[in-house]
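Visitor: Could you walk me through this structure and show me how to read its features? I would like the general idea each time, and then the case at hand.

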Amino acid sequence: MKFTHIKIYLIASALCFSLASQAQKQQAELIAARNAYKNLRYAETIALLKPVLAKDSANTSALEMIANSYRLTKQYPEALRYYEQLNQKDIAKPEWVLHYAEALANHAEYEKSELWYRKYLAMVPSDRRGQYFSEVDFEKLGKGFSWSVGFLNINSPASEYAPMLYKNGLVFTSNRYQPKAVEHVFAWDNTPFSDLFYLEDINSLNVVDADSGATATNKATATVGKINDDNTAPTSNDSKIVGVYDPAVYVALAKTSASLNIRPFSGKINTKFHEGVSTVLPDGSIMFTRNNYFKGKKGKGKDGVVRLKLFTAKGTNHQDIVAFPFNSDSYSVGHPTVSKDGKILIFTSDMPGGSGGTDLYYSVRLDEKSDWGRPVNLGRKINTEGDEAFPYFDEDNTLYFSSNGLAGLGGLDVFSVKLKDLRPVGSPQNLGAPFNSPYDDFGVAKTSELTGYLSSNRAGNDNIYSFVKKEFGIILKGVVTDASTGLPLKSATVILRNGDKEEVLTLNDKGEFRKPLMKDTGYELSGKLKDYLPERRYVGTDGINKDSVIFVPLKLKGTNDAQKFVIDHCDSLKKVFALQNIYYDLDKYFIRADAEADLNHVVALMNKYPDIELVTKSHCDSRASESYNRVLSLRRGESAKAYLVKKGIAPTRVSVQYFGKSRLVNGCTDGVPCSEAEQQMNRRTEFEVVYNGINLALIDCK
């Protein structure tokens, strides 16, 4: 018996020791992961955290680090998985909610993304990203643009991005492998450092995949190669650098295509660290982005981070490297673009005093021999709390840039805005799909008004695509006729309405009308004439991507005697049947207490005049997408009808119509700053009385 007790004790002791050893090992793994994460070695962080989470899947610290590491290495599906787990915690940090909303957009789950952006807006009302994304209509992003996008034969299994036109060829950034072992790797994601490469003949570029969607296949060939000299795991000596978009970890070795004649750019631009986004100056000099590495010395900020700086390669064969006068060890500057005359420089920086993340700045000089002036922030119409980067300034003073702070399809999207005296004219416009995708889209270079190149990681890593802007027109044509005789009614009034904008269309002698329409837009077309019943039709241009004509005949029916009585007495009848709108709270459809008195008046009127019928027309403000608002406005109309039916009104006497945000009563359209009182006016249900088959609201008593 004593021996048995001793045996049990020894087994229990061994078990406790084993559990303690496992706990110590797990703690050591977590400490190592924190150290890698702190030193920006995100690929290593991911590898260290996987066994930790395999044993403790609810470890909040590990979940947060691995989610952020996947996001920062552009592995969005994995980031989505872990942000979803984080946001199931009892108390979620605002940044978790924001990054989860972003990851959902990367996965094209826009309705769910919109919901989480709204949650973020409630947590951080001052951050405009929450407002922009919670109010965006994803279905109408890029309205007015149509693109053809093609995957190019320049791409490899490595990264290629930031194209720049140079002489007869193309300069681009890549971390493609050279035919030798790689001495240094970028510890951020375990990829080689990037250099500038030159394709001598731009005419050798061909589209190898015309898929314009977000999942084009990388068709470049590859073989396996080393990731550093000895194929060992990365160490803290490899690097610690912020600012260049090199996405997934890979070990594929790109086969250089001799037929394309691609070579590293000449001169003293390329070093053992990152060289990237560049622009050409009028004298042929190249301004480019590089890590804080100059004349053989690597500079660091006080936090030990090597940042980005701008340099200009001058002289014969670009041998003379000159630093931008506003470089700093404490913040990054990079991604240059220069106006055609070389006097305006626009670049990216996270210098103090910006809106948040990275902002766009400009510097001005008098001529090529002058120094650049002190940088000026391009302002809050362009810069957000997120990142603005990769500017491109074309000959027509249009600025193209990428942002993840303005509402887009996910990740970085490309926007355009006209500049006048270096100030934006209007708001930046999202270029829409397929130019943009749920992933990162950036680095534009135009070859003409309608063609050019862009970078995107929609296929899994950074690649260069061609784009062509497709020009087409959509024309509305129609004719107004008498429904009985078929004769034209040239005296009729035809109104085309979009949102809060109305236009009276001109009719010719045959009663015909013609009007160009915008892409992906909904319109209301109505026709009316004295002694005829008005007619109203919906016209939509969604999904049209080629030259098209939409023909809409308006056939007006003459009125009978009872209807003529209504028309002749419309002023008095409208006064008798006047009804007040009822209003709703933001995102709600329940009947408020202040609406019950108006609804009770509707009930009394319908009981007094049993011959009348009612049309409820429900609306929303401009915030949120069109699809979201259409459903919300339907629910508002059904709520109003349910209240009337509950009070004894027959359901057949009440019809429900719903319009989302297509019929605003004021100018509070997408992106227009309005007070809450102004927005409230649009969140409404209107009541229209139908008497003797005539909707009184459609009659012009004049």
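Visitor: At roughly what angle do the axes of helix α4 and helix α5 cross?

Guide: A word on the source: this is a predicted model, in which local features need pLDDT of at least 70, side-chain atom pairs count only at pLDDT 80 or more, and totals for chains, interfaces and linings use all residues. Residues are numbered from 1 along each chain as its sequence is written, and side-chain values use heavy atoms, with hydrogens and water left out.

Guide: Helices are DSSP runs (H or I, at least four residues), numbered from the N terminus. Axes are lines fitted to C-alpha atoms over the stretch in contact, with angles from 0 to 180 degrees between N-to-C directions. Here α4 (residues 76-86) and α5 (residues 94-106) cross at roughly 140°, and their axes come within 9 Å. That makes α4 oblique to α5 (under 35 degrees is roughly parallel, over 145 roughly antiparallel, 65 to 115 roughly perpendicular, the rest oblique).

Visitor: Which residues of α4 and α5 meet?

Guide: Contact means heavy atoms within 4.5 Å. From α4 come Tyr 76, Leu 80, Tyr 83, Glu 84 and Leu 86, and they meet Trp 96, His 99, Tyr 100, Ala 103, Leu 104 and Asn 106 in α5.

Visitor: How far apart are the axes of α2 and α3?

Guide: The axes of α2 (residues 42-55) and α3 are 9 Å apart, and the two helices pack at an angle of about 145°. Among the residues making the contact are Ile 46, Leu 49 and Leu 53 of α2, with Leu 63, Ile 66 and Tyr 70 of α3.

Visitor: Is Leu 63 buried or exposed?

Guide: Buried means under 20% relative accessible area, exposed over 50%, and partly exposed in between (1.4 Å probe, protein chains only). Leu 63, which lies in α3 (residues 60-72), has 2% relative accessibility and therefore counts as buried. Leaving aside residues up to four places away in sequence, Leu 63 touches Leu 53, Ser 57, Ala 58, Tyr 82, Gln 85, Leu 86 and Lys 89. Its C-alpha atom is 7.6 Å from that of Leu 53, ten residues apart along the chain.

Visitor: Which cysteines form a disulfide?

Guide: A disulfide is a covalent bond between the sulfur atoms of two cysteines; the criterion is a pair of cysteine sulfur atoms within 2.5 Å. The structure holds one disulfide, formed by Cys 668 and Cys 674 with their sulfur atoms 2.2 Å apart. The link is left-handed, with -105° about the S-S bond. Cys 668 is buried at 2% relative accessible area, while Cys 674 is partly exposed at 23%.
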